[in-house]
Amino acid sequence: MEVVMQEYGDIVSFKPNVSRLDASQAVEFKDNLLQQVTVGKIRLLLNLSEVTFIDSSGLGAIISALRRVGVKGDVKLCCVADQVMEMLRLTRLDKVLEVFDSEETGIANF
Amino acid sequence: MANQDAIYLSVVIPAYNEQERIADTLYRVKGYLSEQDYKSEIIIVDDGSGDLTTEVVKTIDIYGEEMKNQKVSTIMENVKNVGKGFSVARGIIKAQGDYILFSDADLSTPIEEIEKFLPVLESGCDVVIGSRRLTESEVEKKPFYRDLMSATFNAVVSLFAISGIRDTQCGFKAFRREVGHDIAKRQRLFGFSFDVEQLYLANRLGYDIKELPVKWQHMEGSTVSPIKDAIKMFADVMRIRLVHRGLTRQK
């Protein structure tokens, strides 16, 4: 999985270049995220602009990262497609994970 | 009270195209059960939903496990839409708890109502069913057609299948495990009349049935068709007697 990462101070934006964030990609995606947490990056902005489909595995990877960053860190999302937003709504995770329209807005709101 | 190592309560929830409300249901049931001092399990049976019901359940399981150390549910998926009765029977047969509660996915009867049921089950009663038609029942007004359907259906059931029960259709029923398994394995009707069949079986097999008043709130999203389903339910009641003729008492 190709991932574009960019650091903004202590915030890391994380953009997976896959259209489907499902069981076939979730483990690698999760490993990538947790690797960042392991080296102390606990403020993660996930840019999902390339992702058009997500399932429970993909959301599970994001939830794992949310747990690992702990109370001092945070995981936020930006550039979310309709199907992804629908899954967030149905699972009520839209009340747990903040979603922003752009990477800039997401960074500004950490 | 319960042996701390064994599952005390199993909650079986049948679901068909419930993506819009299964999350709230599951958060609520998981939240409630995780506060109890007994071990429990939740079994969701997805009856061949064409929506995201199963994915929502799986995601909430991951969330509960990761963020709240809650145990994941068991999700059973029917390969096609078979019927609510089939789903309930499948879930009950899978359940390992000392006591098994079947609850509708809309939680029309709040999960907290189980607290009234457990002492009765512990005292040795085999089947405890929620009722909206007892004096102490707290029932929010139902739409007129559903009230009429329910009253007519209960009269038909009382006349042709099992008498003495005021409300056979409340989606909140609990069983002792062995009794639940016995009844579920004998079920032959898998549509909306499965409740009557379960009670008919319990009665014919000699199991005790206790009806308890519950809180009940009408939830939007019912898929009941007043005329079509009423005719089908009436036919089902007649079938129950036919299918289970020759049944002998177990207790």
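Two strands count as paired here if DSSP finds at least two bridges between them. Helices (H or I, at least four residues) and strands (E, at least two) are DSSP runs, numbered from the N terminus.

**Entry 1: ground rules.** I'm working on a predicted model, where local features need pLDDT of at least 70, side-chain atom pairs count only at pLDDT 80 or more, and totals for chains, interfaces and linings use all residues. Residues are numbered from 1 along each chain as its sequence is written, with chains lettered from A and ligands numbered from 1 in the order in which they are written.

**Entry 2: the sheet of chain B.** I looked up the strand order first. The open sheet has seven strands, β3-β2-β1-β4-β7-β5-β8 of chain B, with mixed pairing. At the edges stand β3 (74–77) and β8 (209–213) of chain B; each has a single partner strand, so one side of each is left without a neighbour in the sheet. From one strand to the next, the twist averages 20°. Axes here are lines fitted to C-alpha atoms, for helices over the stretch in contact, and angles run from 0 to 180 degrees between N-to-C directions.

Then I went through some pairs. Strands β1 (residues 7–15) and β2 (residues 39–46) of chain B run parallel and are joined by eight bridges. I noted that L9(B) has S40(B) as its bridge partner in β2(B). On to β4(B): four bridges join β1(B) to β4(B), again parallel, and S10(B) has I100(B) as its bridge partner there. With β7(B), β4(B) pairs in the antiparallel sense over five bridges, and F102(B) stands opposite K173(B) in β7(B).

**Entry 3: β4(B), buried or exposed?** I call a residue buried if 20 or more other C-beta atoms lie within 10 Å of its own, exposed if 12 or fewer, and partly exposed in between, with C-beta atoms placed from the backbone. Five of the five residues of β4(B) are buried, so the strand is largely enclosed by the rest of the structure. Both faces are covered: Y99(B), L101(B) and S103(B) are on one side, I100(B) and F102(B) on the other.

**Entry 4: helices over the sheet.** Contact means that the C-beta atoms of two residues, placed from the backbone, lie within 7 Å. I found α2(B) lying across β1, β2 and β3 of chain B, at about 165° to β3(B). Helix α3 (residues 84–94) of chain B lies across β1, β2, β3 and β4 (99–103), running at about 160° to β1(B).

Next came α4 (residues 114–122) of chain B, where I114(B), F117(B), L118(B) and L121(B) are buried. They cover an arc of only 105° around the axis (taken from the directions from the helix axis to the C-beta atoms), which puts them on the same side of α4(B). The face turned away from that buried side carries the exposed residues E115(B) and P119(B). I also checked what the buried residues of α4(B) pack against: β4, β5 (127–131), β7 (172–176) and β8 of chain B. After α4(B) comes G124(B), with a positive phi near 115°.

**Entry 5: the core.** A nonpolar core is a set of buried Ala, Val, Leu, Ile, Met, Phe, Trp, Tyr and Cys residues joined through C-beta atoms within 7 Å. The largest one has 92 residues, and those touching the most other members are L46(A), I62(A), V12(B), I92(B), I100(B), L101(B) and A174(B). I picked V12(B): not counting residues up to four places away in sequence, its contacts include I43(B), V45(B), V88(B), I92(B), I100(B) and F102(B).

**Entry 6: where A meets B.** The contact takes 13 residues from chain B and twelve from chain A. On the side of chain B that touches chain A, α1 (22–34) and α2 (53–68) of chain B are the elements giving two or more residues. The largest share of that side, nine residues, comes from α2(B).

Entry 7: Although not a glycine, R92(A) has a positive phi of about 65°. R92(A) sits in the loop between α3 and β7 of chain A and, with 16 C-beta neighbours inside 10 Å, counts as partly exposed. N17(B), also not a glycine, has a positive phi near 50°. N17(B) lies in the loop between β1 and α1 of chain B, and its 18 C-beta neighbours inside 10 Å make it partly exposed.
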